[in-house]
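Here is a short report on aromatic rings and the parts of the chain around them. Keep the sequence and the 3D view side by side as you read.

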Amino acid sequence: QVQLVESGGDLVQPGGSLRLSCRASKNIFTFWRMGWYRQAPGKQRELVAIYSGGNTIYADSVKGRFTFFKNNAENTADLQMNTLKPADTAVYYCNAREDLFSDDLWGQGTQVTVSS
């Protein structure tokens, strides 16, 4: 079973930056999809950024502020978050799927809090 481990969550002031990292327990080169989701208190989990087939799709709310990086050599998928807003406060989850027919894999989540 592949494991995903997130890190990098923290408390940051509005306008600040954070970089989240997701490390997989196996080679991610052939993964069909990888990305990040988030869940704020009282809300449903939502897509932040998803990478598949060489393309990355971002939620409208993070376009131009967040950037997804996939590093096959290190088996990591990072999320660079700039110009953070209080509305970005949530638990961020790494997501992956090895192929089209496999189950979704999830990490344990990392807390991001944007507050002054």
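## Aromatic pairs

The structure holds 2 aromatic pairs. Rings of Phe, Tyr and Trp (its six-membered ring) pair if their centres lie within 6.5 Å; planes under 30 degrees apart are stacked, over 60 edge-to-face, and the rest tilted. This is a predicted model: local features need pLDDT of at least 70, side-chain atom pairs count only at pLDDT 80 or more, and totals for chains, interfaces and linings use all residues. Residues are numbered from 1 along each chain as its sequence is written, and side-chain values use heavy atoms, leaving out hydrogens and water.

Take Tyr37 and Trp106. Their ring centres are 5.1 Å apart and their planes stand at 70°, so this pair is edge-to-face. Tyr37 belongs to strand β4 (residues 33-39) and Trp106 to strand β10 (residues 105-106), so the pair ties together parts 69 residues apart in sequence. Strands (E, at least two residues) are DSSP runs, numbered from the N terminus. Tyr37 counts as buried at 18% relative accessibility, while Trp106 is partly exposed at 36%. Buried means under 20% relative accessible area, exposed over 50%, and partly exposed in between (1.4 Å probe, protein chains only).

Now turn to Tyr51 and Phe68. Their ring centres lie 5.8 Å apart with planes at 20°, so the pair is stacked. Tyr51 sits in strand β5 (residues 46-52) and Phe68 in strand β7 (residues 66-71), so parts 17 residues apart in sequence are tied together. Tyr51 is partly exposed, at 24%. Phe68 is buried, at 7%.

## A charge over two rings

Arg45 lies over the face of Tyr93, 3.7 Å from the ring centre. The charged end of Arg45 also sits over the ring of Trp106, 4.6 Å from its centre. The test is that NZ of Lys or CZ of Arg is within 6 Å of the ring centre and within 35 degrees of the ring normal.

## Met81 and its contacts

Which residues have the most contacts inside the largest nonpolar core? They are Met34, Trp36, Leu79, Met81 and Tyr92, in a core of 29 residues. Such a core is a set of buried Ala, Val, Leu, Ile, Met, Phe, Trp, Tyr and Cys residues joined through side-chain atoms within 4.5 Å.

Leaving aside neighbours within four places in sequence, Met81 is in contact (heavy atoms within 4.5 Å) with residues including Leu18, Phe66, Tyr92 and Val112.

Terms used
Helix = DSSP H or I, 4+ residues; strand = E, 2+ residues; numbered from the N terminus.
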